[in-house]
Amino acid sequence: MNNNAFKLLSARRFLPLFLTQFLGAFNDNIFKNALVILITYKIASSSNIKEEFLVTLAAGVFILPFFLFSATAGQLSDKYPKTGLIRLVKFFEIVFMGLAVAGFHLNSITLLMVTLFLMGLHSTFFGPLKYAILPEHLAETELIGANSLIEAGTFIAILLGTILGGLLILSHAGTIIVSLLILAVALSGWIGSFFIPPTLPMAPQLKVNFNFVSETWRLIKNTQQHAGIFLAILGISWFWLLGYIFLTQFPNLTKNVLGANSEIFTLFLTLFTVGIAVGSLACNRLLKDEVTTKYVPVSILAMTFFMMDLYHACNHIPVNTSGQLIGLGHFILTLNSWRIMLDMFLISVSGGLFVVPLYAFIQVKSPPEERARIIACNNIINSFFMVLSAGITMILLAIKLTIPQVFL
């Protein structure tokens with residue numbers, strides 16, 4: 001990545017927004033993974049509810065607000081100054097984390113699920129704001145670099161939050177530590193939002209339609225009129241469909257295909273996340289600040305090649321006859337294991353190169369007075385594709401396909 005993008009990290013018109021969104025993604029994943037681990041190891045066993053049901057419910061509860069409220073979020077982001085809305089959204093994050101603390105203290109699965117829904121609501125309203133505000137503060141030549149940093153930062157925050165949430169919640173006094181951490185991170189994000197430079201409303205005359213059903217349908221129909229933008233949205237949604245399949249099936253691949261323990265799952269998650277970050281950051285150097293999608297088809301072909309190779313590599317794993325799950329030390333001793341790791345890394349690098357130009361393309365090509373609503377439409381379709389990916393995976397597994405075959 002060239003120096004222009006790195007310079008953004010010292011600019012007030014970008015750094016406070018970057019830190020605010022990084023802390024938000026970090027907090028989301030600390031809380032989500034702490035909740036999933038708590039369900040798996042503690043709450044489910046004491047509530048006579050199957051852990052698989054609760055974990056699946058948790059995933060659905062977090063995504064649901066994107067379907068219900070993205071249209072409203074996009075309208076409000078276009079009608080009102082985005083900086084003020086960001087501060088309001090980040091304030092409510094502190095309130096929601098207070099509910100999470102109460103849920104942890106009371107060991108209440110109901111209250112924790114409500115909080116998870118509210119955090120999904122927080123992300124629903126913050127998404128259009130963070131992407132639509134970038135073109136208001138940055139020049140077009142800076143957007144590829146800015147989106148590269150946003151995507152890299154988001155995936156690194158997801159990785160760190162996921163690992164930290166899982167580790168801390170099971171430690172001594174884990175719920176207290178996690179409670180203090182999520183409150184501190186939420187407070188830091190709210191403080192950071194006050195350093196984001198002010199903006200003007202893009203469509204102050206807009207009348208907000210709070211009927212989310214009719215507005216969602218109208219929003220999708222209107223976005224379809226911008227053919228190139230809608231194709232970019234479908235591309236981004238395809239990326240999330242693919243990524244969701246990989247991330248949700250890593251545990252099954254690790255345990256049931258490779259016969260490995262959680263160390264290998266963490267390794268795969270790290271490789272995938274760092275690869276996305278590397279691909280995102282490399283995008284700016286490759287495109288030289290130009291907002292173009294010319295390399296998107298090449299990155300798709302690269303992803304296809306490495307996914308095919310991953311399938312073949314997984315089929316050449318020796319059968320684990322020891323009856324015990326292998327650890328990291330044993331896993332890295334074979335050449336084929338390195339092939340699997342390299343494939344995963346390069347799939348995600350290609351994914352970063354694929355998705356960053358599409359986000360920048362949407363920001364540049366969208367009419368300023370509609371930009372937040374178009375990004376909200378992107379969030380709706382992204383969410384639909386993630387739900388679709390879960391359905392596709394369930395069907396493929398139901399017809400007895402293996403995890404490598406699902407990836408293929």
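Residues are numbered from 1 along each chain as its sequence is written. Because the model is predicted, local features need pLDDT of at least 70 and side-chain atom pairs count only at pLDDT 80 or more, while totals for chains, interfaces and linings use all residues; side-chain values use heavy atoms, with hydrogens and water left out.

The structure holds seven of them, a salt bridge being a side-chain nitrogen of Lys or Arg within 4 Å of a carboxyl oxygen of Asp or Glu. Side chains of opposite charge can pair when their charged atoms come close. In one of these pairs, Glu-142 meets Arg-13, with 2.7 Å between the closest N and O atoms. The two residues are 129 residues apart and link distant parts of the chain: Glu-142 sits in the loop between helix H5 (109–137) and helix H6 (143–169), and Arg-13 in the loop between helix H1 (3–8) and helix H2 (15–47). Helices here are DSSP runs (H or I, at least four residues), numbered from the N terminus. Glu-142 has a relative accessible area of 18% and is therefore buried, whereas Arg-13, at 32%, counts as partly exposed. These classes follow from relative accessible area (buried under 20%, exposed over 50%, partly exposed in between; 1.4 Å probe, protein chains only).

A salt bridge also joins Arg-373 to Asp-78, the closest N and O atoms being 2.7 Å apart. Arg-373 belongs to helix H14 (residues 371–398) and Asp-78 to helix H3 (residues 51–79), so this pair ties together parts that are 295 residues apart in sequence. Both Arg-373 and Asp-78 are buried. For Arg-339 and Asp-309, the closest N and O atoms of the salt bridge lie 2.8 Å apart. This pair connects helix H13 (residues 335–365), which holds Arg-339, with helix H11, which holds Asp-309, across 30 residues. Arg-339 is partly exposed because its relative accessibility is 29%; Asp-309, at 19%, is buried.

Within H8, Glu-215, Thr-216, Leu-219, Ile-220 and Thr-223 are buried. Viewed down the axis, the buried residues of H8 fall within an arc of 135°, so they line one face of the helix; the arc is that of the directions from the helix axis to the C-beta atoms. Val-213 and Trp-217 are exposed on the other side of H8. An α-helix has 3.6 residues a turn, so residues three or four places apart point the same way.

Turning to cysteines, Cys-283 is buried at 1% relative accessibility, and Cys-314 is buried at 5%. A search of the whole structure finds zero disulfides (pairs of cysteine sulfur atoms within 2.5 Å).

Finally, Leu-325 lies in the loop between helix H11 (296–314) and helix H12 (328–331). With 45% relative accessibility, Leu-325 counts as partly exposed. Leu-325 and Ser-148 are separated by 177 residues in sequence and by 37 Å in space, C-alpha to C-alpha. Leu-88, in helix H4 (residues 82–106), is also partly exposed, with a relative accessible area of 45%.
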